[in-house]
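Work through the exercises below with the sequence and the 3D structure at hand. Each task is followed by a solution in steps.

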Amino acid sequence: MGSLSGKNAVVTGSTSGIGLAYARAFAGAGANVVINGFGAPEDIEKERAKIEQDFKVKAIYSPADMTKPAEIAGMIALGETTFGSVDILVNNAGIQFVSPVEEFPIEKWDQIIAINLSSAFHGIRAVVPGMKKRGWGRIINTASAHSLVASPFKSAYVSAKHGIAGLTKTVALEVATHKITCNCISPGYVWTPLVEKQIPDTMKARSLTREQVINDVLLAAQPTKEFVTSEQVASLALFLCSDDAAQITGTNLSIDGGWTAA
Ligand code: NAD
């Protein structure tokens, strides 16, 4: 029996990158999981089936779009009706866009605030009543080193991530007496499609080569000079779901190779 046997988790943005690592880590500990996110249907089905096969748990897919509040509530309801409860919610879906503030497309600002910040509010709003009723819950938000410090050309992302840190603290205080914890995890650069995709725009915005972006922009911030791995982030989330972490709430946990120590 895994440490999360009998528990059910929803992980937003888990068709890829860090989210997929969270889903696999929870499933590895015995939880059933709802995966969510975009991608080619056959790729998503492959990952879903692989979770069930590898870990002998149930995995279902919700196509909820994190810009749509009703679909987010529907995703939580799907988890509750299929599994009987949602005990763990990880708000992880996120996108990036890199541009000088005066040229930042208004629709990109709105989209980043919706996916990277407001979706967490909608998910938390939907999941808290059931967690309170059952007297147990874990809410984990993927923030970022950019919840603590800024980088130029990422106005929407940095604003959303600072917002997530504030939302985390507020919710932690509200649910503190219900054995529900709410924390955020703030990774530095993790090698995922999200990081890979922003390299061309950063090359353009800063007039740099690909190698210069990787070494002088991305890893320049990280004193260890190594990328964080998705699995390392997922291990921290797994710890936050344990009984040993019951008194850890309202925190912002950095996993950033020393970035925000500087
Ligand atoms: P990724 O691009 O690999 O994954 C993002 C996930 O979000 C995908 O599953 C994608 O389909 C999903 N998604 C995007 N828009 C969506 C929408 N409208 N509705 C539903 N799902 C949607 O990125 P990642 O690097 O794994 O990022 C995951 C989280 O980690 C994000 O919140 C990101 O800001 C954060 N983060 C990443 C890094 C990094 O270096 N990769 C660092 C710090 C924080």
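**Exercise 1. The cavity**

Task: In this predicted model, find the volume of the largest cavity, and state which residues line the largest cavity.

Solution. 
Step 1. The largest cavity holds about 40 Å³ of space. With a threshold of 30 Å³ or more, the count comes to one cavity.
Step 2. The lining consists of Asn91, Asn92, Ala93, Ile115, Asn116, Ser119, Ala120, Thr142, Lys161 and Ile164.
Step 3. Sort these residues by class: four are nonpolar, five are polar and one is charged.

**Exercise 2. A serine of the cavity lining**

Task: Decide whether Ser119 is buried or exposed, and describe its surroundings.

Solution. 
Step 1. Ser119 has a relative accessibility of 3%, so it counts as buried, the cut-off being under 20%.
Step 2. Look at the side chain. One of its polar atoms lies 2.7 Å from the backbone oxygen of Ile115.
Step 3. List the contacts, leaving aside neighbours within four places in sequence: Ser119 is in contact with Met66, Ile72, Asn91 and Ala114.

**Exercise 3. The pockets**

Task: Give the volume of the largest pocket and of the second largest pocket, and describe the lining of each.

Solution. 
Step 1. About 930 Å³ of space lies in the largest pocket. Its lining has 41 residues, and Ala93, Gly94, Ile95, Gln96 and Leu194 are the closest to the pocket centre.
Step 2. Four helices each supply at least two residues of this lining: H1 (17-28), H4 (106-134), H5 (155-175) and H6 (193-206). H6 gives the largest share, six residues.
Step 3. By class, the lining of the largest pocket has 18 nonpolar, 17 polar and six charged residues.
Step 4. The second largest pocket has a volume of about 180 Å³. It is lined by Trp136, Arg138, Ala176, Lys179, Ile180, Thr181, Asp243, Ala246, Gln247 and Thr249.
Step 5. The classes in this second lining are four nonpolar, three polar and three charged.

**Exercise 4. A buried methionine**

Task: Where is Met131 placed, and which residues does Met131 contact?

Solution. 
Step 1. Met131 is in helix H4.
Step 2. The relative accessible area of Met131 is 0%, so this residue is buried.
Step 3. Apart from neighbours within four places in sequence, the contacts of Met131 are Val86, Asp87, Ile88, Leu89, Trp136, Gly137, Arg138, Ile139 and Ile180.
Step 4. Compare sequence and space: Met131 and Lys179 are 48 residues apart along the chain, and their C-alpha atoms are separated by 8.7 Å.

**Exercise 5. The nonpolar cores**

Task: Name the residues that touch the most other members of the largest nonpolar core, and state which element gives the largest share of this core.

Solution. 
Step 1. The largest nonpolar core has 32 residues; Tyr22, Phe26, Ile51, Ile88, Ile185 and Val233 touch the most other members.
Step 2. At least two residues each come from strand E1 (8-11), H1, strand E2 (32-36), H2, strand E4 (88-91) and helix H8 (230-240). The largest share, seven residues, comes from H1.
Step 3. Take Val233 as an example. Not counting residues up to four places away in sequence, Val233 touches Ile18, Tyr22, Ile185, Pro187, Val190, Val228 and Ile255.
Step 4. A second, separate core has 29 residues, including Met75, Val175, Ile180 and Cys184.

**Exercise 6. Positive phi**

Task: Find where Lys56 and Ser207 lie, and decide whether Lys56 and Ser207 are buried or exposed.

Solution. 
Step 1. Recall the general rule: most residues other than glycine have a negative phi.
Step 2. Phi of Lys56 is near 55°, a positive value. Ser207, which is not a glycine, has a positive phi of about 55°.
Step 3. Lys56 lies in the loop between helix H2 (41-55) and strand E3 (59-62). Ser207 lies in the loop between H6 and helix H7 (210-218).
Step 4. The cut-off for exposed is over 50%. Lys56 counts as exposed because its relative accessibility is 71%, and Ser207 counts as exposed because its relative accessibility is 64%.

Definitions and conventions:
Residues numbered from 1 in each chain as written. Predicted model: local features only at pLDDT ≥ 70, side-chain atom pairs only at ≥ 80, totals over all residues. Heavy atoms only, no water. 1 Å grid on protein atoms, 1.4 Å probe; cavity = no way out; pocket = protein on both sides within 12 Å on 5 of 7 lines; lining within 4 Å. Points joined across faces, edges and corners; volume = space filled by probe spheres on them. Nonpolar A, V, L, I, M, F, W, Y, C, P; charged D, E, K, R; others polar. Buried < 20%, exposed > 50% of the residue type's maximum accessible area, 1.4 Å probe, protein only. Polar contact = N/O pair within 3.5 Å; in protein donor to acceptor, adjacent residues only side chain to side chain. Contact = heavy atoms within 4.5 Å. Core = buried A, V, L, I, M, F, W, Y, C linked by side-chain atoms within 4.5 Å.
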